[in-house]
Amino acid sequence: VQLQASGGGLVQAGGSLRLSCATSERLIGIKAMRWYRQAAGEEREWVAAITPGGEANYPESVKGRFNISRDRAKKTVYLQMSSLEPGDTAVYYCNIDTVCQSYWGQGTLVTVSS
């Protein structure tokens, strides 16, 4: 199983980006789908999570600005980011936890300029 993350890029502060995470095959036994980010020199941090039932959660740092969603038919998880700030600059990773295994995408770089 491969997770392909895409959609990163350079954006000005206040702008928006939508990240996508496509899975190579349909996964069963999903417990949660998450997005993480890791800024240079810092630890990886969680920024969004969604359950198979559609319940979403976010840390306070991105709540109200980020929105996670999924498209079952396209086997894709999205992260819509708005009102981006320079502090959002990081490599963003998607993660899918199943009852058997945890899968990670390769990361996509988001750079927010001031």
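Student: Which residues does Arg-18 touch, not counting those up to four places away in sequence?

Tutor: Arg-18 touches Ser-6, Gly-7, Tyr-78, Leu-79 and Gln-80. Contact here means heavy atoms within 4.5 Å. Before we go on: this is a predicted model, where local features need pLDDT of at least 70, side-chain atom pairs count only at pLDDT 80 or more, and totals for chains, interfaces and linings use all residues. Residues are numbered from 1 along each chain as its sequence is written, and side-chain values use heavy atoms, with hydrogens and water left out.

Student: Why is Arg-18 called partly exposed?

Tutor: Its relative accessibility is 46%. Buried means under 20% relative accessible area, exposed means over 50%, and partly exposed is what lies in between, with a 1.4 Å probe and protein chains only. So Arg-18 counts as partly exposed. Arg-18 sits in strand E3, where 5 of the 7 residues are buried.

Student: What makes E3 a strand, and how do you know that E3 and E8 pair?

Tutor: Strands are DSSP runs of E, at least two residues long, and helices are runs of H or I, at least four, all numbered from the N terminus. E3 covers residues 17–23, so it passes as a strand. For pairing, DSSP has to find at least two bridges between two strands. E3 and E8 (residues 76–81) have 6, in the antiparallel sense, so they count as paired. Among the bridge partners, Cys-21 goes with Val-77 and Leu-19 with Leu-79.

Student: How many bridges join E1 to E3?

Tutor: There are 4, and the two strands run antiparallel. Ala-5 stands opposite Cys-21 there.

Student: What is the strand order in this open sheet, and what makes E1 and E7 its edge strands?

Tutor: The order is E1-E3-E8-E7, 4 strands with antiparallel pairing. E1 (3–6) and E7 (66–71) each pair on one side only, and that is what puts them at the edges. Neighbouring strands are turned by 15 degrees against each other on average, direction ignored; the axes behind that are lines fitted to C-alpha atoms, and angles run from 0 to 180 degrees between N-to-C directions.

Student: How many helices and strands does the protein chain have?

Tutor: It has 0 helices and 11 strands.

Student: What makes a set of residues a nonpolar core, and which residues have the most contacts inside the largest one?

Tutor: A nonpolar core is a set of buried Ala, Val, Leu, Ile, Met, Phe, Trp, Tyr and Cys residues joined through side-chain atoms within 4.5 Å. The largest one has 29 residues, and Trp-35, Phe-66, Ile-68, Leu-79, Met-81 and Tyr-92 have the most contacts inside it. E9 gives the largest share, 4 residues. Leu-79 touches several residues, including Trp-35, Phe-66, Ile-68 and Tyr-92.
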